[in-house]
Amino acid sequence: MTEKYPDSLKGSKSLLAKYLTPEMFEELKDKKTSNGFTLSDAINSGVQNPDSGIGVYAGDEESYEVFAPLFDKIIEDYHGFTKNDKHISNLNPNDLDALNPDSNGEYILSTRIRVGRNVADIPLGTAILKDQRQKIEKDVSKVLISFSGSLAGKYYPLNNMSEADSQSLIAEHFLFKAGDRFLEAAGLNKDWPNARGIFHNDDKTFLVWINEEDELRIISMQAGGDIKEVFTRLTTAIAEIQKSVKFAYDEHLGFITSCPTNLGTALRASVHIKLPKLGENMDEFKSIADKHNVQIRGIHGEHSDSEGGVYDISNKRRLGVSEVECVQDMYDGVVALIKREKELSL
Ligand code: ADP
Ligand code: CIR
């Protein structure tokens with residue numbers, strides 16, 4: 001147990017450093033959840049990586065109560081969501097008003113929407129035991145390989161995959177990377193690569209990551225900008241999986257995830273989009289993104305850089321807004337960015 005306020009937080013710009021005062025540290029440092037998850041476990045990623053944006057992870061649903069003084073502040077800052085707000089889910093694609101914002105295919109290379117899910121009544125990946133992790137892999141992959149029609153596919157365990165195959169799946173944006181230092185320090189890479197893997201259909205438009213940052217990441221993706229088609233496939237897949245797997249869900253916090261930025265819908269809807277002119281005007285790019293509640297990432301996942309003027313644009317808010325609203329946020333942001341990119345290209 002860390003007895004002393006961590007020195008590395010001094011000067012860090014993470015939300016952890018912003019909200020964990022020495023007084024709060026004293027108040028929380030000896031607390032633990034019934035799975036034995038401590039404050040030191042919750043903050044280790046941000047302590048080891050002072051360049052974190054957030055810096056904390058939960059070990060279980062109870063972490064959000066036991067360490068509420070810290071988590072509530074971070075949740076409020078990131079999502080603008082407070083104790084009195086309510087989370088409401090809406091996974092109905094008919095409520096989405098999002099025609100392809102780039103019907104000529106000039107800007108959007110691909111669209112991807114993912115949700116994180118964790119299995120109810122067991123710890124999150126940060127505090128899970130080896131046999132629990134293995135059971136998830138066994139149970140969930142069994143459900144997935146029973147799917148038919150356009151969702152039918154195969155499960156590829158990581159510990160049985162060649163380095164060449166995993167590298168090409170990563171490069172093509174289908175598979176998670178190994179060795180993420182933020183996840184490593186959060187305890188999410190324990191016993192790697194065992195019980196990790198990816199399920200995908202033949203077209204690689206429906207994919208499920210098993211036992212990465214969340215126990216399940218359910219993904220729908222395809223080339224181009226047909227956001228509604230991607231969302232419709234995702235919601236169909238979620239409904240199918242939910243027939244056999246019970247997910248951790250809380251009335252207030254929505255779907256429970258290891259990173260507090262994913263709470264609520266746990267949904268990130270993104271496009272890979274060519275915006276070279278805006279890329280030369282990063283201040284303006286960021287201000288349009290902020291105004292529309294979208295986040296700018298590089299094209300090889302979080303903490304990566306842009307390549308060739310291509311960016312990953314996604315919804316920032318996930319809690320206190322429905323799934324449909326999350327996708328709508330991304331859509332509205334993308335429409336505004338394309339409009340400005342066109343003006344800058346005149
Ligand atoms: P997350 O799984 O939380 O959404 P990452 O930012 O790590 O987080 O992205 C995971 C992978 O998905 C990366 O390989 C990334 O390049 C890929 N990806 C994200 N959005 C798109 C998109 N719209 N089109 C193609 N690949 C994408
Ligand atoms: C960080 O704190 O930078 C990492 N733990 C990742 C946080 C999740 N990122 C995000 O903004 N959604």
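Mentor: Let's start at H173, which sits in the loop between α7 and α8. Helices here are DSSP runs of H or I with at least four residues, strands are runs of E with at least two, and both are numbered from the N terminus. What you see is a predicted model, in which local features need pLDDT of at least 70 and side-chain atom pairs pLDDT 80 or more, while totals for chains, interfaces and linings use all residues. Residues count from 1 along each chain as its sequence is written, chains are lettered from A and ligands numbered from 1 in written order, and side-chain values use heavy atoms, without hydrogens and water.

H173 comes after α7, and its phi is positive, about 75°, although it is not a glycine. Its relative accessibility is 26%, so H173 counts as partly exposed; under 20% would be buried and over 50% exposed, with a 1.4 Å probe and protein chains only.

Now step back into α7, residues 163-171, where S166, L169 and I170 are buried. Viewed down the axis of α7, its buried residues fall within an arc of 100°, so they line one face of the helix; the arc is taken from the directions from the helix axis to the C-beta atoms. An α-helix has 3.6 residues a turn, so residues three or four places apart point the same way. Among what covers the buried residues of α7 is β3 (197-201), where contact means heavy atoms within 4.5 Å.

W192 and P193 are joined by a cis peptide bond, with omega about 0°.

Another positive phi is found at N211, about 60°, and N211 is not a glycine either. N211 belongs to the loop between β4 (206-210) and β5. With 4% relative accessibility, N211 counts as buried.

A polar side-chain atom of S110 is 2.6 Å from a nitrogen atom of ligand 1, and one of R112 is 2.7 Å from an oxygen atom of the ligand. D312 also takes part, with a polar side-chain atom 3.4 Å from a nitrogen atom of ligand 1. The protein covers 92% of the 560 Å² of accessible area that ligand 1 has on its own, by the Shrake-Rupley method with a 1.4 Å probe.

Finally, look at G301, in the loop between β9 (294-297) and β10 (310-315). G301 has 25% relative accessibility, so it counts as partly exposed. Although eleven residues separate G301 and D312 along the chain, their C-alpha atoms are 8.0 Å apart.

Ligand 2 has 14 residues around it, and G53, I54, G55, Y57 and E302 are the closest. A backbone N or O atom of G53 lies 2.8 Å from an oxygen atom of ligand 2, while a polar side-chain atom of Q295 lies 3.2 Å from an oxygen atom of the ligand.

Terms used. A polar contact is a pair of N or O atoms within 3.5 Å; within protein, one must be able to donate a hydrogen and the other to accept it, and residues adjacent in sequence count only if both atoms are side-chain atoms. A residue is near a molecule or strand if one of its heavy atoms lies within 4 Å of it.
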